[in-house]
Amino acid sequence: MSHSAEPTPMTSRRSGPLAGIAQVPGDKSISHRALILGALSVGETKITGLLEGQDVLDTAKAMAAFGAKVERHGPGEWTVNGVGVGGFSDPEGVIDCGNSGTGVRLIMGAMATTGITATFTGDASLSRRPMARVTDPLAMFGAQFTTREGGRLPITIKGATDPIPLTYRTPVASAQIKSAILLAGLNVPGDTVVIETEPTRDHSERMLAGFGAQITSETTAEGHVITLTGRAELKAQPVAVPRDPSSAAFPVAAALIVPGSEIRVPGVSRNPTRDGLYTTLLEMGADITFENQRDEGGEPVADLVVRYGKLKGVSVPADRAASMIDEFPILSVVAAFAEGKTVMNGVSELRVKESDRIDAMARGLEANGVTVEETKDSMTVHGMAAVPGGGTAVSHLDHRIAMSFLVLGLASEQPVSVDDGSPIATSFPDFLPLMQGLGGDLG
Ligand code: S3P
């Protein structure tokens, strides 16, 4: 989605106790993967609970451009009639992935070992983000790239007609790099191997196995090793997308910091590779219970019950960063209300997300009276008994920055504003009505 439209300023104000049921949207990571694997399968993939945020809609459009039949039947209900592994056809136009790093990196992987050519672009935020982390390994399969300076978008890829298998150790903990390589490996004869030092979200592995790919994961002395045997057919599968723990984090955080709150957030994914925020909040003393733990569509889910209570600052270990990489902005808001300081270690990847999230959170928290210290790869937030608020934060085209500051304002002394809330539509289109429905004063 292009963000050339006028910015939409938003403000939140101190609110009474939040109460009710928060039906958060479908998981963004799983939604992208369901569309892409559906497009690479033979037969019809039925998806329920798909996130209809702009990031995922851009991926749906891209899959149609590569030849899949992608149809919407109702809210969250979609079908994809795939073209099979290696079956993508040359798209007529440029593939615009909008704001989505996941979309562009996974789709580049999916087409890099097919003999077609495609050009990818994105909005101003995506065009600043590093792509060499994906194009470097994809070039080792034999794909050719023309990029803007610094390896950035727009990028034209000429897929490898005769791809060769790859064994690759990812230089940073990134599920996007891992997934791009695995998707490329689908159309490569022989074994494609990805080695990760820190395990990252494993939705690609789970879903590839569900679609019939030959894939194994094991922890060895070398690290976490994923092996995919290419050129097997993928068979269309129904996908029930669980609710997104990264989106749930916003109402959960709001309930933890607005006095007297109690909310319920049903059907949220509790995949262990995504669960770091919840581990951290429990360590801070948060009153969260996980009810009706069950399995849905190959992913563990639970209903969350969250109550306001006193919190204390903690030190988050670096080896937990990957399992909560998208949740540090909202954790830094919760930390502002905790007793003592909260230290977030090993978070340098935050600097290359939709914005430099360490800088965006530090500046926005400071503008609202909170003391923050930062290094290249850490952030420390000093909690306070009462957060002054009264400032305006800059969202830098980053949905999670915008939502984090709107949550901050629900419990601050004075209102908190964001210069532009329009990026929220990329991942959580109903954020405002959902938070208002719980009793939040924001808009
Ligand atoms: C994602 C992986 C993470 C995360 C992003 C979604 C995915 O990025 O920040 O929002 O769906 O694979 P990295 O893999 O670059 O850490």
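Arg363 and Glu366 sit three residues apart in helix 10 (residues 357–367), so about one helical turn separates them. Helices here are DSSP runs of H or I with at least four residues, strands are runs of E with at least two, and both are numbered from the N terminus. An α-helix has 3.6 residues a turn, so residues three or four places apart point the same way. Arg363 forms a salt bridge with Glu366, with 3.1 Å between the closest N and O atoms. A salt bridge is a side-chain nitrogen of Lys or Arg within 4 Å of a carboxyl oxygen of Asp or Glu.

Arg363 is partly exposed at a relative accessible area of 35%, and Glu366 is partly exposed at 36%. Buried means under 20% relative accessible area, exposed means over 50%, and partly exposed lies in between (1.4 Å probe, protein chains only).

## About the model

This is a predicted model, in which local features need pLDDT of at least 70 and side-chain atom pairs count only at pLDDT 80 or more, while totals for chains, interfaces and linings use all residues. Residues are numbered from 1 along each chain as its sequence is written, and side-chain values use heavy atoms, with hydrogens and water left out.

## Salt bridges between separate elements

By the salt-bridge rule, the count comes to 32. One of them joins Arg72 and Glu52, whose closest N and O atoms are 2.8 Å apart. Arg72 lies in strand 4 (residues 69–74) and Glu52 in the loop between strand 3 (44–48) and helix 2 (54–65), so the pair ties together parts that are 20 residues apart in sequence. Arg72 is partly exposed at 48% relative accessibility, and Glu52 is partly exposed at 24%.

The side chains of Arg320 and Glu283 also meet in a salt bridge (2.7 Å, N to O). This pair links distant parts of the chain, 37 residues apart: Arg320 is in the loop between strand 18 and helix 9, and Glu283 is in helix 8. Arg320 is buried at 13% relative accessibility, whereas Glu283 is partly exposed at 34%.

## Two domains

The domain assignment gives domain 1 (10–26 + 246–442) and domain 2 (28–229); such bounds come from an automatic or database domain assignment. Taken over C-alpha atoms, the domain centres are 28 Å apart. In domain 1, 25 residues are in contact with 27 residues of domain 2, where contact means heavy atoms within 4.5 Å.

The area buried between the domains is about 2000 Å², and carbon and sulfur atoms give 47% of this area. Buried area is the accessible area (1.4 Å probe) that two parts lose on being put together, summed over both. The count between domain 1 and domain 2 is four salt bridges. On the side of domain 1 that touches domain 2, the elements that give two or more residues are strand 17 (299–307) and helix 11 (399–409).

The unreviewed UniProt entry lists Asp326 under "active site". UniProt positions are given in the numbering used here, feature names are shortened, and annotations may be inferred rather than shown by experiment. Asp326 is found in the loop between strand 18 (315–316) and helix 9 (328–336), and is buried at a relative accessible area of 12%.

Leaving out residues up to four places away in sequence, Asp326 touches Arg201, Ser246, Lys353, Arg357 and Arg400. A polar contact of 3.4 Å joins the side chains of Asp326 and Arg201. A polar contact is a pair of N or O atoms within 3.5 Å; within protein, one must be able to donate a hydrogen and the other to accept it, and residues adjacent in sequence count only if both atoms are side-chain atoms. A network of salt bridges links Asp326 with Arg129, Arg201, Glu354, Arg357, Asp398 and Arg400. Within this network, the side chains of Arg129 and Glu354 meet in a salt bridge (3.8 Å, N to O).

## Arg274

Arg274 is found in the loop between strand 15 (262–269) and helix 8 (276–283), and is buried at 3% relative accessibility. The side chain of Arg274 makes polar contacts with the side chains of His203 (2.9 Å) and Asp244 (3.0 Å). Not counting residues up to four places away in sequence, the residues touched by Arg274 include Asp27, Ser29, Arg201, Ser246 and Glu327.
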